[in-house]
Amino acid sequence: MNKPVSSMAGAGMPLAESDAAAGAKATPHTVDAVLRESQVETVLADLERDLVGLAPIKHRIRDIAALLVIDRLRLRLGLQAQTPSLHMSFTGNPGTGKTTVAMRMAEILHRLDYVRKGHLIAVTRDDLVGQYIGHTAPKTKEVLKKAMGGVLFIDEAYYLYRPENERDYGQEAIEILLQVMENHRDDLVVILAGYKDRMETFFQSNPGMSSRIAHHLDFPDYSHGELSEIGDKMIAAMNYRFGDGAREVFGDYLARRLKQPHFANARSVRNALDRMRLRQASRLFADRYRELTEIDLTTIEPPDILASRVFIEQA
């Protein structure tokens with residue numbers, strides 16, 4: 001004689017409830033299980049591998065990932081957790097990795113189910129603020145609509161606020177942002193970026209914005225050694241290499257360039273490498289009948305670096 005469905009499910013429990021309980025029991029409540037399911041460790045490993053230095057920044061990103069992993073485990077056990085506010089401020093000079101970290105952050109938030117899509121929308125004041133009455137609100141709302149489910153990265157955010165201009169519409173954009181940051185914080189993360197001193201002034205003038213920023217991350221300038229390492233990574237990614245003595249000359253170039261104005265960290269390193277490639281190409285182009293080997297085509301020689309005006313101006 002067949003047993004009733006309820007007794008087959010166990011102790012009078014309905015089949016659906018029994019299956020749910022069994023499924024919950026079968027799912028390990030461990031950090032390792034969440035990490036394997038989300039594969040978020042892959043993103044963290046990429047962040048560690050691809051970005052030189054920035055130890056405090058990487059540590060904070062791991063802390064945020066840890067919070068989201070633990071919240072996920074709490075929800076599985078029926079422990080309701082208030083959605084944490086993850087709006088952030090990234091301060092630092094150009095070329096210190098702010099945009100790159102923001103992109104990784106978006107991917108981490110998506111893999112841990114904090115946001116739906118995990119895309120990054122990068123904008124400036126011009127994308128948010130209109131030039132006449134009635135223009136700012138539609139522009140700002142359209143950007144926010146595109147960013148929903150991901151991360152909105154506002155570079156040089158302090159330009160939104162121009163108190164010296166009574167006819168400026170930046171304050172309207174700020175008020176719309178504030179409302180969305182509060183009401184949709186479980187589906188949108190806003191990252192405000194810019195120079196540290198200007199961002200501090202911006203927050204002092206806009207306490208409502210400051211109170212909504214949960215994480216303030218300051219990106220330091222790279223050291224000479226870190227810039228050299230960045231150069232090595234970049235040149236390898238371009239399928240080039242330094243020839244005999246060229247790496248030492250590049251180190252000398254960096255030491256000189258660091259003393260000059262408008263140095264933009266990794267961005268300046270990339271620009272310098274592009275100019276070295278240009279000089280190498282011109283050098284090879286001048287010898288039109290020479291049979292060029294793979295080594296010829298991939299090697300940056302000392303003269304390709306020494307031709308920089310950094311050496312000429314300081315000669």
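Okay, let's start with Ile61: skipping neighbours within four places in sequence, its contacts (heavy atoms within 4.5 Å) are Leu44, Leu47, Val101, Met105, Ile108 and Leu217. Before I go on, this is a predicted model, where local features need pLDDT of at least 70 and side-chain atom pairs count only at pLDDT 80 or more, while totals for chains, interfaces and linings use all residues. Residues are numbered from 1 along each chain as its sequence is written, and side-chain values use heavy atoms, with hydrogens and water left out.

So, cores. A nonpolar core here is a set of buried Ala, Val, Leu, Ile, Met, Phe, Trp, Tyr and Cys residues joined through side-chain atoms within 4.5 Å; buried is under 20% relative accessible area, exposed over 50%, partly exposed in between, with a 1.4 Å probe and protein chains only. The largest one has 57 residues, and Ile61 is among those with the most contacts inside it, along with Phe90, Ile108, Leu109, Phe250 and Ile305. Helix α5 gives the most to this core, seven residues. Another core, of 29 residues, lies apart from it and includes Val129 and Phe203.

Now the sheet. Helices (H or I, at least four residues) and strands (E, at least two) are DSSP runs, numbered from the N terminus, and two strands pair if DSSP finds at least two bridges between them. Five strands make an open, parallel sheet, ordered β2-β3-β4-β1-β5. β2 (120–123) and β5 (215–219) are at the edges with a single partner strand each, so one side of each has no neighbour in the sheet. As for β3 (151–155) and β4 (189–194), they pair over five bridges, and Val151 has Val189 as its bridge partner in β4.

On β5 you'll find His216. Leaving out neighbours within four places in sequence, His216 touches Arg60, Ser89 and Phe203.

Last bit, a helix pair. You describe two packed helices by the angle between their axes and the distance between the axes. Axes are lines fitted to C-alpha atoms, for helices over the stretch in contact, with angles from 0 to 180 degrees between N-to-C directions. For α4 (residues 40–50) and α6 (residues 98–111) that's about 165 degrees, with the axes 9 Å apart. That makes α4 roughly antiparallel to α6, the label for angles over 145 degrees. Residues meeting across the pair include Leu44 and Leu47 in α4, and Val101 and Ile108 in α6.

Technical notes: Parallel < 35°, antiparallel > 145°, perpendicular 65-115°, else oblique.
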